[in-house]
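Subject: Structure for your review

Dear colleague,

Please find the structure below, together with a short account of what was found in it. I would be grateful if you could read the account with the structure open beside it.

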4 protein chains.
Amino acid sequence: MTNDEHRRTTWETATSVPLVVLSLVFIACYSVQVIDTELPGEAQIALGAVIALIWATFAADYLVRLGLAHDKGLYFRSTLLDLVSVLVPVFRPFLLLNRLRDIPFFRRRSGSSVRIRLLIHAALFVVLFVYSLALAVLAAERGAPGASILSFGDSIWWACVTMTTVGYGDMVPVTVLGRTLAVVLMFGGVAIVGVATATIVSYLTESIGRQRHDR
Amino acid sequence: MTNDEHRRTTWETATSVPLVVLSLVFIACYSVQVIDTELPGEAQIALGAVIALIWATFAADYLVRLGLAHDKGLYFRSTLLDLVSVLVPVFRPFLLLNRLRDIPFFRRRSGSSVRIRLLIHAALFVVLFVYSLALAVLAAERGAPGASILSFGDSIWWACVTMTTVGYGDMVPVTVLGRTLAVVLMFGGVAIVGVATATIVSYLTESIGRQRHDR
Amino acid sequence: MTNDEHRRTTWETATSVPLVVLSLVFIACYSVQVIDTELPGEAQIALGAVIALIWATFAADYLVRLGLAHDKGLYFRSTLLDLVSVLVPVFRPFLLLNRLRDIPFFRRRSGSSVRIRLLIHAALFVVLFVYSLALAVLAAERGAPGASILSFGDSIWWACVTMTTVGYGDMVPVTVLGRTLAVVLMFGGVAIVGVATATIVSYLTESIGRQRHDR
Amino acid sequence: MTNDEHRRTTWETATSVPLVVLSLVFIACYSVQVIDTELPGEAQIALGAVIALIWATFAADYLVRLGLAHDKGLYFRSTLLDLVSVLVPVFRPFLLLNRLRDIPFFRRRSGSSVRIRLLIHAALFVVLFVYSLALAVLAAERGAPGASILSFGDSIWWACVTMTTVGYGDMVPVTVLGRTLAVVLMFGGVAIVGVATATIVSYLTESIGRQRHDR
């Protein structure tokens with residue numbers, strides 16, 4: 001490990017907990033901004049300021065880490081998801097997922113089973129994915145004529161029904177943006193079904209192998 | 001095996017058949033209580049008493065087993081599902097699944113294929129899962145304005161349509177509790193699809209391996 | 001191979017092609033009987049007679065094979081699907097699938113890949129499963145008040161939508177029998193998705209293994 | 001490699017880029033023809049001529065390659081998908097997928113992971129499959145009484161909802177041709193879910209194996 005790499009790891013470990021806390025504050029402010037449409041003007045301005053500030057902090061953190069990286073091209077490619085999370089509003093809640101990686105507690109787990117880590121990440125991913133797409137679809141649909149997704153409760157329910165590929169059709173997006181986000185959610189759902197199945201396949205294969213070995 | 005462990009195993013084997021019978025009585029009483037809304041007052045009181053008594057028996061059994069366990073922390077963690085089944089009404093039918101494990105007949109099977117046991121457990125799980133969530137959703141939805149799940153037949157049909165991720169949308173929960181239970185059912189459905197697929201993957205891998213070996 | 005086993009194999013090989021032809025005639029007659037509700041009385045009687053005759057032939061064939069089997073208990077258990085196909089009307093089209101096994105052409109294939117045979121059987125199973133359940137659901141639903149599955153075209157479309165777990169909900173069974181058959185179809189659909197996935201998993205594992213070996 | 005094989009490979013490499021460009025022009029013209037129903041007569045004739053010309057080029061290319069192949073029977077069997085793409089209008093956009101194989105860039109990748117190539121092909125397949133079936137279903141449904149798929153946007157949305165097996169039911173094909181194409185799309189969707197799952201299974205198996213090896 002070069003000196004630069006060492007400094008970057010130190011930076012990431014030191015900033016991990018504050019950045020996770022900031023991510024949670026960010027998600028809370030962002031949610032209030034989308035869900036509560038009857039906020040007084042001052043509160044809206046204050047919320048907007050907090051969101052902009054946290055966003056700037058994340059952008060600065062990304063640049064610092066890029067600056068500390070030895071091989072900038074490699075770093076850029078391997079943290080593309082961070083960049084997308086910083087730039088695209090819909091994916092901002094994923095900043096939380098990206099930051100969790102750097103908490104020493106989650107790093108320490110790297111010695112344990114790949115399967116458990118995959119399940120924890122998949123579960124966190126499902127929660128954040130459903131939450132952030134439900135927020136974004138609500139913002140896109142609420143005003144549209146003929147829309148059926150009108151409250152945040154509706155939106156979360158619709159997102160769960162869609163992600164598990166059940167698709168009742170009691171609520172359906174009608175705007176182009178809402179439908180585009182819905183397609184993202186559907187393909188995410190297919191991937192999640194795949195991860196669930198793969199974990200069970202892997203567990204079953206191991207159980208059978210171990211039982212055979214015991215005999 | 002320590003002396004304590006031995007006494008616990010003796011206790012679990014001795015109580016297994018009576019507790020399975022009690023579980024069945026419990027499921028029957030619980031079902032009648034939810035489904036038949038026009039029971040006379042005395043019958044309702046009698047049913048409630050039977051249910052409370054059986055519930056107390058299960059709680060006592062859990063405490064006895066916890067008392068007999070050598071490593072109480074480990075026992076607590078490894079029987080978390082039992083505790084949840086005792087505490088949360090929706091999951092009480094699963095007490096049956098938990099008790100089946102202790103019947104010597106099911107224990108003896110442990111020498112046979114992991115796959116067959118997984119299939120039997122998955123099938124029992126599906127039946128109990130659909131049954132108990134259909135009951136709970138019926139109780140949650142029946143009185144709600146605009147509800148479409150009005151009888152136990154409807155509820156079972158809706159639960160099968162949801163669990164297999166078909167999702168026609170002819171019946172849809174409208175209350176917050178009903179929808180929360182529906183999301184539990186959907187994720188259970190994704191897991192069941194995963195178990196079915198994993199079993200077929202494992203069977204196919206073994207068939208191909210055996211055929212290659214034969215040549 | 002004992003003498004009895006030899007005689008049973010000879011019998012099965014000799015009767016395989018005629019029985020497959022009879023199965024096809026049977027499916028055709030059975031379909032006409034269900035689909036065409038405006039047949040004149042004599043035609044209905046003739047159809048019923050042909051169906052009864054073929055059914056009797058299959059029952060006789062089953063008994064002959066049972067009589068020729070050395071270990072009757074083992075034979076009974078290993079041909080349970082044949083017995084169910086003979087006894088339950090909905091599953092009669094599967095008699096075709098059962099008989100195909102005995103055609104020498106399909107036997108010869110047993111040397112080739114397990115995967116190809118699985119795919120051929122799965123495809124035949126899908127076609128027969130969708131066809132026979134569509135027929136049975138049509139017979140169950142047609143007369144019911146509020147039914148949406150009214151013609152054989154509707155029924156086939158509904159069965160495909162259900163089996164692939166898409167579940168639009170434009171057509172939905174409303175009778176108890178129709179819904180019970182639909183649940184059978186749904187679980188069949190879950191199994192088919194599992195078979196498709198397992199085949200791809202197996203193919204991919206082999207491709208990667210072969211490529212690694214080549215290097 | 002025989003001399004003939006060498007000449008065929010040279011031909012395929014030389015024609016790959018022009019044919020991919022032609023495929024893109026073809027898809028564009030074909031799309032305009034289906035989507036824009038208010039084209040003036042001359043434009044329609046021009047479009048039709050371009051489409052016919054490109055089609056003839058593809059047919060000629062197929063015949064040249066067949067002529068250059070050493071073992072014509074083998075070549076015919078192994079390029080059956082090319083022939084279907086040339087003959088059946090719905091599958092013509094797949095000509096693009098078939099031609100991509102011959103671009104040296106995609107050939108060079110053959111040394112890298114089987115999984116990455118599978119994912120790239122699956123993603124391209126999904127895009128072309130959804131696109132071409134959406135086009136074909138739109139053409140089949142647009143004029144039908146009671147149809148709900150009326151614009152290309154509707155059609156793409158419906159195809160995504162169907163392929164991921166979500167199936168809201170807000171739009172449903174009502175013509176026989178539309179429903180037949182929908183069934184093709186559904187089974188394609190089941191295959192895609194299978195490919196996604198298989199890729200994750202394979203990745204997970206490898207990760208666990210590597211981690212175990214590292215210890």
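Two residues are said to be in contact when they have heavy atoms within 4.5 Å. In this predicted model, 23 residues of chain C are in contact with 32 residues of chain D.

The area buried between chain C and chain D is about 2100 Å², and carbon and sulfur atoms give 73% of that area. Three residues, C:Trp157, C:Tyr168 and C:Leu204, supply 30% of the area that chain C buries against chain D, more than any other three residues.

As for charged pairs, the count between chain C and chain D is one salt bridge. C:Asp154 forms a salt bridge with D:Arg179, and the closest N and O atoms are 3.8 Å apart. The count of residue pairs in polar contact between chain C and chain D is two, with both residues at pLDDT 80 or more.

Which helices of chain C each supply at least two residues of the side that touches chain D? They are helix 8 (152-163) and helix 9 (176-214). The largest share of this side, ten residues, comes from helix 9 of chain C. Sorted by class, the side of chain C that touches chain D has 13 nonpolar, six polar and four charged residues.

With kind regards

Terms used:
Residues are numbered from 1 along each chain as its sequence is written. Chains are lettered from A and ligands numbered from 1 in the order in which they are written. This is a predicted model: local features need pLDDT of at least 70, side-chain atom pairs count only at pLDDT 80 or more; totals for chains, interfaces and linings use all residues. Side-chain values use heavy atoms; hydrogens and water are left out. Buried area is the accessible area (1.4 Å probe) that two parts lose on being put together, summed over both. A salt bridge is a side-chain nitrogen of Lys or Arg within 4 Å of a carboxyl oxygen of Asp or Glu. A polar contact is a pair of N or O atoms within 3.5 Å; within protein, one must be able to donate a hydrogen and the other to accept it, and residues adjacent in sequence count only if both atoms are side-chain atoms. Helices (H or I, at least four residues) and strands (E, at least two) are DSSP runs, numbered from the N terminus. Ala, Val, Leu, Ile, Met, Phe, Trp, Tyr, Cys and Pro count as nonpolar, Asp, Glu, Lys and Arg as charged, and the others, Gly among them, as polar.
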